Amino acid sequence: LISVIVIMCFATLFTIYGQTIMQKLTPNHLLGKLSSVVTVISMCALPLGQAIYGLLFGWAEARSFIIVVVSAFICFLIALLSKKALRNLDSEL
């Protein structure tokens, strides 16, 4: 439970950072359209992710901690891999 809370906290921070960059890089006349597209993609991906997690947790049953640990590792790996790209974006702003 604690690792899921930590993952969600980092996801929230990343979302705020991502939205800030999107708003800075997008021309004002396209900001509403781009925000809508990003929101639609995010909202459509949620049920798919929940279904996948549901299947994985159903499969793992008593070993559900493995799924949480692997998910945390994947999130950490994505953060490390995107670090350089985010630094380049930040320097352009």
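Predicted model: local features only at pLDDT ≥ 70, side-chain atom pairs only at ≥ 80, totals over all residues.
I started with α2 (28-60). Helices are DSSP runs of H or I with at least four residues, numbered from the N terminus.

Residues are numbered from 1 along each chain as its sequence is written, and side-chain values use heavy atoms, leaving out hydrogens and water.

Next I looked at what follows α2, and found E61 with a positive phi near 45°. E61 is not a glycine, and I placed it in the loop between α2 and α3. E61 counts as exposed because its relative accessibility is 59% (exposed is over 50%, buried under 20%, partly exposed in between, with a 1.4 Å probe and protein chains only).

I7, I21 and M22 are the ones I noted as buried in α1.

Which residues are closest to the centre of the largest pocket? First I took its volume, about 1,600 Å³. Of its 38 lining residues, I7, M8, A11, T15 and C75 come closest to the centre. For my own record, a pocket is an open set of points on a 1 Å grid over the protein atoms alone, with protein on both sides within 12 Å along at least five of seven lines; lining residues have an atom within 4 Å of a point. The volume is the space filled by probe spheres set on the points, which are joined across faces, edges and corners. α1 gives the largest share of the lining, 16 residues, and α1, α2 and α3 each supply at least two.

I followed up A11, which lies in α1. A11 is only partly exposed, at 32% relative accessible area. From A11 to W59 I get 25 Å, C-alpha to C-alpha, across 48 residues of sequence.

Last, I looked up F65, in α3 (residues 64-92). F65 counts as exposed at 54% relative accessibility. F65 belongs to a nonpolar surface patch with I66, V69, V70, F73, I74, L77, I78 and L81, together about 890 Å² of accessible area.

Definitions and conventions
Patch = residues over 30% accessible without salt bridge, like charges linked within 9 Å, V, L, I, M, F, W, Y side chains within 5 Å. Areas by Shrake-Rupley, 256 points an atom, 1.4 Å probe, with all protein chains shown as cover. Salt bridge = Lys/Arg side-chain N within 4 Å of Asp/Glu carboxyl O. 1 Å grid on protein atoms, 1.4 Å probe; cavity = no way out; pocket = protein on both sides within 12 Å on 5 of 7 lines; lining within 4 Å.
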